[in-house]
Amino acid sequence: MIQFSLNGQTVQVTDIDPNMTILRYLRTVSMHSATKEGCAGGDCGACSILVAEEAQQGQLRFQAINACIALLGSLDGKTIFTVEALKVGDHLHPVQQAMVDYHGAQCGFCTPGIVASLAALYHNKGGAQATDEEIHEALSGNLCRCTGYRPIIDAAKAMNAYPAPSQDSPASSTGVVQFDPCAPNSLEQAAVSQAGKHLFIPETEGQLSQLLKDYPDATLWAGGTDLGLELTQQFKRFDVIISLHKLASLTKVTETDDDISFGAMVTYSDAEAHLAKQFPAFAQLIQRIAARQIRNLGTLGGNVANASPIGDTPPVFLALNARVELASINGKREVALDDFFKGYKVTDLQKGEYLRQIIVPKLTAQQSLHVFKVSKRKEDDISAVLAGVRIEHDGSNITDARIAFGGMAATPLRAVNTEKDLMGKPFELSSFEHAAEHIQNDYSPMKDVRATAEYRLNVASNLIIKTGLEIFEPESLTQGGHA
Amino acid sequence: MSTYMSSKMDAYDVRRKRPVKGKSGKSATHDSALQHVTGEAIYIDDMPVLPGTLHLAMGLSEKAHAKIKSMDLSAVKSAPGVRSVVTVDDVPGQVDIGPVFPGDVLFADDLVQYVGQPLFAVGADTFEQAKMAAKLAKVEYEELPAVLTIQEALKQAHFVRPTHEQNKGDYKAALENAPNTLSGDLYVKGQEHFYLEGQVSYVWPQEDGGMQVYTSSQHPTEVQKLIAEVLDLPINHVQVQVRRMGGGFGGKETQAAPFACMASLMAHMTGRPVKARIARQDDMVTTGKRHDFYNEFTVGYDDQGKLLGADIMVAGMAGYSPDLTDAIVDRAMFHSDNAYNFPAARVVGHRAKTHTVSNTAFRGFGGPQGVAISEYILDNVARAVGRDPLDVRLENLYKDGDVTHYGQTIEDYHMHELITQLADDCEYRKRREAITAFNTANKYKKRGMALTPVKFGNSFTVSHLNQAGALVNIYTDGSIHLNYGGTEMGQGLFTKVAQVVANEFQVDLDMVKVSATNTEKVPNTSPTAASSGTDLNGKAAQNACIKLKERLDDFGKRHYGATEVRFENNHVVLVGATQNHDGMEGDELWIGFGPYVEQAYMGRTSLSATGYYATPKIYYDRAKASGRPFFYYATGAACTEVEIDTLTGEYDMLRADILHDAGHSLNPAIDIGQIEGAYVQGMGWMTTEELNWDDKGRVISNGPATYKIPTAADMPNVFNTKLFNRKNAEETIYNSKAVGEPPLMHGISAWLALRDAAASVSDYKVNPPMNTPATPERVLDAVNYCKANS
């Protein structure tokens, strides 16, 4: 059985396709049609809904997610709200009233998703005025093709000036606190099964290891932001899915003097604050990975284990000389990330094994991290080129350089020739300008829908120069602002 | 809901004294605003599904140009949940569903002409079952040579329609005598509509063999006619209804019909309701887009940059069939002068046939591609003579009395004043100096700015479409029902036309309700396209109102002995009424609109009227390539400032200022919404939105993961939009101007600002080639070109 709270009502689901997404459930089973399907790929945000968690001091924390690619089973034990829950009688939620008054909707199809995203912002801010950055960030995963966004942003700026939401709205109440999550599913049987397909929801790593022994070909569902596409774009159906969302031990971030370790199920959103402390450049990258809705679902472990050549975090983890801890019923082992990626979407993970955590050495005082993401669009786009660079120096010379790129090869890959050239060179801009010429010896990238091979090489080379500029002439890279 | 009827709650004596609410010229909110924000607005996929409904998915061609040797659908038919498979062999009537000219087929017969062309449709109990079943077809192809580019089509003279040519004066002599000439080419890529609601139709078969059709279409009449033709039915057996679309942008003008026809065919075969909701990727592969254009030009100019003559060739990528390409290439030709007077010119327009999806209408309809070539030319000339592009633009503007290269005389042209006002408002000159200072001080970051105008011709270039009908019913409580052929796709048409009706009767806006566009209420309508929605339907609705007012006037004179009847503040005012009544004020009798209407009904007055409108003055003689194709021009200008990173080509939109002429705006909030939305859509077309095809003719930008429309962060950091409030000299509805398409071309200023920033690397000595869209890659190419050539 899957049990969750939907708009204040407890829902129990038993006989259902384990491959069912939340959106399909909402639109064809529970008949909540306010939530729309725009792309079924987690890219447009028309399907945004709210997941509420009890944060500290009985406060609710709301996260907008893409219902289209999220697995219904991953809701087990959770509380969600759709736009239907925001209005009570004639009392519109402040987001809704502001959107009306500021002409924030034209065709209206993206609007429920935008209302959901802004409602999350409204509640998480406790009704306080959001900054421009927070508004942009909240809307980063919501496409609107009609308005050009100006009236939506104006509505977001104004929403806190409206009367508070109705206290009768389930989203305003302590619905999440009242919700009694279901008893743990026993592992003898799947949480749900239908037509020979099964979904398991383990709550301990022991259970997970046993399941992986019994079902070595099972699909591990972390955030599912890539797997979900196989359901909704390729119309694939998985026989056995193991949803990892209840494994609390995989959501921990731990620190020692030397390392910081991220449990595999730490989402991008949850990682951000930790990264901001240790690796500000990495944290800034996180803000450009997909959009808020995806960052609320997607996990660091998933991004690494997926081994995509265009995943954004692996090059940075490579530059940071990270290791991964792999576990199975037979025990645990650590593998340097350098040795983890074996080929296009192939890793060192063996059958029955799962990625437990990513262990990242902290930067020393002599080291700096530089991260650059280049894509057609600033938000919610896949990198044409992504660079992670760690430079170590002794004040006069470069003593170590670790450079990894995404989008340049079949796997995230180190730029060994460029690294070698930098080693021992004077710690000055010209060393980077010279080293940049070696990029062409490190990579022969592809042409694809995002960029040509020539552009990738040119940019990758220039990003080595930019690394030098970031160290020696940071003011030359200050960007944007007002005219 | 009480919110809707609040003004009816006011007593008439209150309404007597206050001005009417939401009248024309006021920023009334969108008529569906409440339903939009609550998610209560019903789109077709939200309608309750009838029992037995089949969900339709298509099998698509995998080859660009091939003969179908065999098609084995047995696995499709036996897949779980499948109830029906239809192919071209099942069509009882016409297979060709070309909207204007033949060439578009509902399903491929033995020949496929693009990757993604529908081969068959499968109907299953669920959407997912249909999608999974469609993948099981086994199709054998015999590949044929495919033409995949405009340049190749030009080489082979492979066209869907004949080439057209317009001439003004002796362009050859003008170019020969010009002290300077320059030549070049420009490739302008197309654009995916990316309406948030994909194509969708839901069809219910009727007892008489007819079909009731709910579709997301800008052209219900065409859907109705094509279904009738496919099913071999009289048109009156098919009823098509459109309440709203989740975005259209031209992509649902002709492209909604195939899916409605497929669903109707399956409904005809099975007797079941059929829903065709097209998955996003199928939508992006199977439906047409904005045309790519390949353009070439030679212009002559003097040392000050004054244009002397031009020879312009535009070639649109039609795809495999004509669809609307003829009119689209015509419109590109009509707009290749944009705002400027070419004293002599030749404009040639080709309609290239390629083995790709048939391209279609998209906001601007070829106009933007024409304007782009003109603005690119002006930029090139300005840099060639070493002047600020704004000065060269100002110097070459049309003046009243000038004649275009297609014979239309320029009238009521305020462009110089409009541009000057915008340049002053946005401090163009001061900021130009600041940009120069910034670029001198910064080695890697460069800024650029461009101010570009748009002059856009309003009217369908297919002249018979310039007509509209409306239906206005008044009920005995005074509430008014309005219907017309125009469709609502978010642009606020329903609101603006309701404001016209409210204004005619001087009643509160919420007394007027617009219902779904329906072919049984107003027949034989034109598509909601060419920015014509308000111009045509507003006038038709006004015409119906005038008829009703005449009847109400007659009744007042007949029944009350009034000498004059007028409408004011939710009342009917009878001047000189012969008898004393309650409500007399001096010699005026004031009766609430509702009670008066009820009296008129009791007095046997017809309270329902149709209205009609046909645009006056327009004609185009194709043989002479001359005429007045446009009733009037809408104008505007935009100034965009950008900053680029010369190491990666990435950029930021720092500021945009727009001044746009919507005539006497019927609804400033809605008009500004159209202008801002069009700017951002145009900016996306010119910057990050890149259609890509592989060498087999497959669209590889086939979803939002690979095709990037602007997000909120792409909006300019400073974004100012103002209306140039000027009465339209032509007698349009309340002297307003159409506003749907013209402002899309403001996005061109973003592209040319990027080019300006790149050119700064050469101190503006070089004109870097910059095809569109100006992705970071193309910006970096332009920077590198400037470095290499200066």
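Residues are numbered from 1 along each chain as its sequence is written, and chains are lettered from A, with ligands numbered from 1, in the order in which they are written. Because the model is predicted, local features need pLDDT of at least 70 and side-chain atom pairs count only at pLDDT 80 or more, while totals for chains, interfaces and linings use all residues.

**Contact between the chains**

In the model, 65 residues of chain A are in contact with 76 residues of chain B; two residues are in contact if their C-beta atoms, placed from the backbone, lie within 7 Å. On the side of chain A that touches chain B, at least two residues each come from α2 (94-101), α3 (111-124), α4 (132-139), α5 (150-158) and α18 (453-472) of chain A. Helices (H or I, at least four residues) and strands (E, at least two) are DSSP runs, numbered from the N terminus. The most is given by α18(A), with seven residues. By class, this side of chain A has 32 nonpolar, 20 polar and 13 charged residues. Here Ala, Val, Leu, Ile, Met, Phe, Trp, Tyr, Cys and Pro count as nonpolar, Asp, Glu, Lys and Arg as charged, and the others, Gly among them, as polar.

**Domains**

Domain bounds come from an automatic or database domain assignment. For chain A, the assignment gives domain 1 (2-84 + 175-243), domain 2 (94-161), domain 3 (248-361) and domain 4 (367-477). The C-alpha centres of domain 2 of chain A and domain 4 of chain A are 37 Å apart.

For chain B, the assignment gives domain 1 (6-41 + 467-613), domain 2 (48-145 + 193-286) and domain 3 (407-463 + 615-790). Between domain 1 of chain B and domain 3 of chain B, the C-alpha centres lie 38 Å apart. In this pair, 21 residues of domain 1 of chain B are in contact with 19 residues of domain 3 of chain B. On the domain 1 side of that contact, the elements giving two or more residues are α16 (493-505) and α17 (533-560) of chain B. Of the elements on this side, α17(B) gives the most, with six residues. The class count for the domain 1 side is three nonpolar, 14 polar and four charged residues.

**A helix pair in chain B**

Helix α20 (residues 748-760) of chain B and helix α21 (residues 776-788) of chain B have axes that come within 8 Å and cross at roughly 30 degrees. Axes are lines fitted to C-alpha atoms, for helices over the stretch in contact, and angles run from 0 to 180 degrees between N-to-C directions. The two helices are therefore roughly parallel to each other (angles under 35 degrees count as roughly parallel, over 145 as roughly antiparallel, 65 to 115 as roughly perpendicular and the rest as oblique). The contact is made by Leu754(B), Arg755(B), Ala758(B) and Ala759(B) of α20(B) and by Val779(B), Ala782(B), Val783(B) and Cys786(B) of α21(B). By class, it has seven nonpolar, no polar and one charged residues.

The loop between α20 and α21 of chain B holds Pro773(B), and the peptide bond from Thr772(B) to Pro773(B) is cis, with omega near 0 degrees. Most peptide bonds are trans, and most residues other than glycine have a negative phi.

**Selected buried residues**

A residue is buried if 20 or more other C-beta atoms lie within 10 Å of its own, exposed if 12 or fewer, and partly exposed in between, with C-beta atoms placed from the backbone.

| Residue | Other C-beta atoms within 10 Å |
|---|---|
| Asn7(A) | 21 |
| Asp380(A) | 27 |
| Glu197(B) | 28 |
| Val314(B) | 27 |

Asn7(A) lies in the loop between β1 (2-6) and β2 (9-13) of chain A, and its phi is positive, near 50 degrees. Asp380(A), in the loop between β17 (367-374) and β18 (385-393) of chain A, also has a positive phi near 50 degrees.

Glu197(B) is in the loop between β8 (180-188) and β9 (200-205) of chain B. Not counting residues up to four places away in sequence, Glu197(B) touches Phe109(A), Tyr43(B), Ser216(B), Met245(B), Gly246(B) and Gly247(B).

Val314(B) belongs to strand β14 (residues 307-319) of chain B. Beyond four places in sequence, the residues it touches include Phe293(B), Val329(B), Met333(B) and Ile373(B).
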